[in-house]
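Here is a short briefing to read alongside the sequence and the 3D view. Take a moment to find the two chains, then follow the points below.

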Amino acid sequence: MTEKTMLEAVHDAMSDEMKRDERIFVLGEDVGGGGVFRATEGLREEFGEARCMDTPLAEAAIVGVAIGASLNGLRPIAEIQFADFIHPAWDQIVSEAARLHYRSNGTWSCPITIRTPYGAGIHGGPYHSQSIEAFYAHVPGLKVICVANPYDAKGLLKSAIRDPNPVMFLEHKKAYRLGRQDIPDDDYTIPIGKAEIKREGTDITLITYGLMTQHSLQAAETVQSEDGVSVEVIDLRTISPWDKECVLESVRKTGKALVVYEDNFTGGFGAEVAATIAQEAFEYLDGPVTRIASPDVPIAPYAIILEEYILPNPEKIAAGIRGLAAY
Amino acid sequence: MVSVKEIPGAMGLATEQLHDLYFKMFLARTVGQRERMLNRMGKGPFAVTGEGHEATQVGTAFALTPGKDWVFPYYRDIGVALTVGMTARDLLLGHLSRAEAIESGGRNMPSHFSAVKLKIVSGSAPVATQVPHAVGAALASKMRGLDEVAITYFGDGGSSVGDVHESMNFAGVHKLPVIFVCENNQYAISVSVKKQFAVENVSVRAAGYGFPGVTVDGNDVLAVYEAGRAAVERARKGEGATFIEAKTYRLVPHTSDDDDRRYRSAEEVQEWTKKDPLVRFQAWLEEHGIADRNAIEALQAKVLQEVDEATDYAEKAPLPEPESALRHVFVEEEK
């Protein structure tokens, strides 16, 4: 076990996998020199320029070239510098990577991993803060992972790289250096599509993912000590495919569900979770399935005072828990 | 027996190869016509074909090594698909969206070619999205030390798409073995090429990417073949990409749902009909004594028989099972 930041965990997962499998290579903007967050630091020196390739500044080409290379036997990891800049690659991801296997009746496949830092809380303004996961979770043929801690990041990134399908691997950028965690030095993977109960509880099931997991755990401790409310916190970790069984089993036990997500309220991935609970666990519910999310304004305004006003935080989540507990 | 090597313009091709060129062109023409006919008969809901493009498509694809080189066609490239090795039966099964339709099973639209064994990669309908894939395949060939070439096709309309610029730039920077073919047929559906780019020859753009660009008469199959062969040799030698613009004309509407009388005159179509690449190549073959009228008719008869048999086969082939629509969203197991 070694203490690592999430950034180091992401780096280690790539480095380990590149040692294991020479088909794997990284391409993206500034990755050769280590990238703006330093996730690819040292990979060029260790594996050579061809396997840690600086590309022209063009996102559609980064993803499109990765797709083509994957058809010809390689396993590319495409880095998009910020999730906010991925939109020019939409057509390549949605029309091409996601549909290629289906439209070719299961013959061609596209084993690529697209890594990108997402999420707010670093005073990045409207173009370094976006949550993009719901766009891609809507698309059949893509797997979508959201990580915000070192252990999950390493284990799930390895699974993503080894997966024969296109995987969107979203790394919450505020979690990159938020803290250190003891993680195994030996090889381990975490299965895609499995949630984790990060805290057990009996009164309310709180379903979340990404950085909101940490905020939710903090809120759960607060309401436990101040109000005696016991909250079960589930980190989905993968939102496509997502672990419905884990969520429904917990809700059937607690009878109440609170869904917390950082993205905008309307059409955020939590809306899908809420709808599923309402349909599948209706008879077990003792209160309305409730959502806490950012309001429907472009995330996130630059000024700290504005950004903090917009984003869910432990206080807002604790207030939501109290409200639902009292229902 | 005439020695073709002594004939200027034969590009060193043997008699059998020149016959095969004509055969492939006539096959492409006939498959296109057949698909349009089946559409008019109410048997296939949609057809997108390339009558008029045969010299461009067959000529470039003839320069490839089938099964070795990577092919990223667009939806008009019936001639490309057939030259590389797909069959009339493959295309007609696709047209009628049968269960057996190769690498589609009724999922993809007609003329969205795919054949893993031939390295023809399944295409989509958003224009030019296949172009970066060719660059990626070429990158992988280079990284793996394989002397494969990747070729990709798009129209004059497609040349306006950002993916084309991004791809050419990438290929130039990394000096990749890829060939970009623009089938300039003068129209992006109804919009004149004059509204696509402000230059006479779009191939001049290649200079901005650091590799050669050539414009050829896209209705002269031997000229197109020569350009394709030069580009393949260049790529194979590690000298990088080539942009070929082939000027041609679509003799039919954009698709079975288009009425081209809305945007071009009968006189204009008539003018281009006189330059029909098949008529032209047939005249060349006869003029140089490489195929007489009987030989041409024999080739045509063989094509018609092949297309008739393919049509019969496809019409009798079963439709896909409805529940097959749920399969293959994901690769289930790592192979």
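In this predicted model, helix H3 of chain A meets helix H6 of chain B: A:Ala60, A:Ala61, A:Gly64 and A:Val65 in H3(A) are in contact with B:Gly162, B:Asp163, B:Glu166, B:Ser167 and B:Phe170 in H6(B). By class, the residues of this contact are four nonpolar, three polar and two charged.

**The wider contact between the chains**

- Chain A brings 35 residues to the contact and chain B brings 37 residues.
- On the side of chain B that touches chain A, H5 and H6 of chain B are the elements that give two or more residues.
- Which element gives the most to that side of chain B? The answer is H5(B), with 11 residues.
- Sorted by class, the side of chain B that touches chain A holds 16 nonpolar, 14 polar and seven charged residues.

**A helix of chain A with cover from both chains**

- Helix H4 of chain A spans residues 90-97, and its buried residues are A:Asp91, A:Gln92, A:Ile93, A:Glu96 and A:Ala97.
- From chain A, the cover over these buried residues includes H3, helix H5 (100-103) and strand E5 (113-118).
- Helix H5 (131-144) of chain B is also part of what covers them.

**A buried strand in chain A**

- Strand E10 of chain A spans residues 204-208, and five of its five residues are buried, so E10(A) is largely enclosed by the rest of the structure.
- A:Ile204, A:Leu206 and A:Thr208 point one way from E10(A), while A:Thr205 and A:Ile207 point the other way.

**The neighbours of that strand**

- E10(A) pairs in the parallel sense with strand E11 (residues 231-235) of chain A over five bridges.
- In this pairing, look for A:Thr205, which stands opposite A:Glu232 in E11(A).
- E10(A) also pairs in the parallel sense with strand E13 (residues 257-264) of chain A, here over three bridges.
- A:Leu206 has A:Leu258 as its bridge partner in E13(A).

Notes: Residues are numbered from 1 along each chain as its sequence is written. Chains are lettered from A and ligands numbered from 1 in the order in which they are written. This is a predicted model: local features need pLDDT of at least 70, side-chain atom pairs count only at pLDDT 80 or more; totals for chains, interfaces and linings use all residues. Two residues are in contact if their C-beta atoms, placed from the backbone, lie within 7 Å. Helices (H or I, at least four residues) and strands (E, at least two) are DSSP runs, numbered from the N terminus. Ala, Val, Leu, Ile, Met, Phe, Trp, Tyr, Cys and Pro count as nonpolar, Asp, Glu, Lys and Arg as charged, and the others, Gly among them, as polar. A residue is buried if 20 or more other C-beta atoms lie within 10 Å of its own, exposed if 12 or fewer, and partly exposed in between; C-beta atoms are placed from the backbone. Two strands pair if DSSP finds at least two bridges between them.
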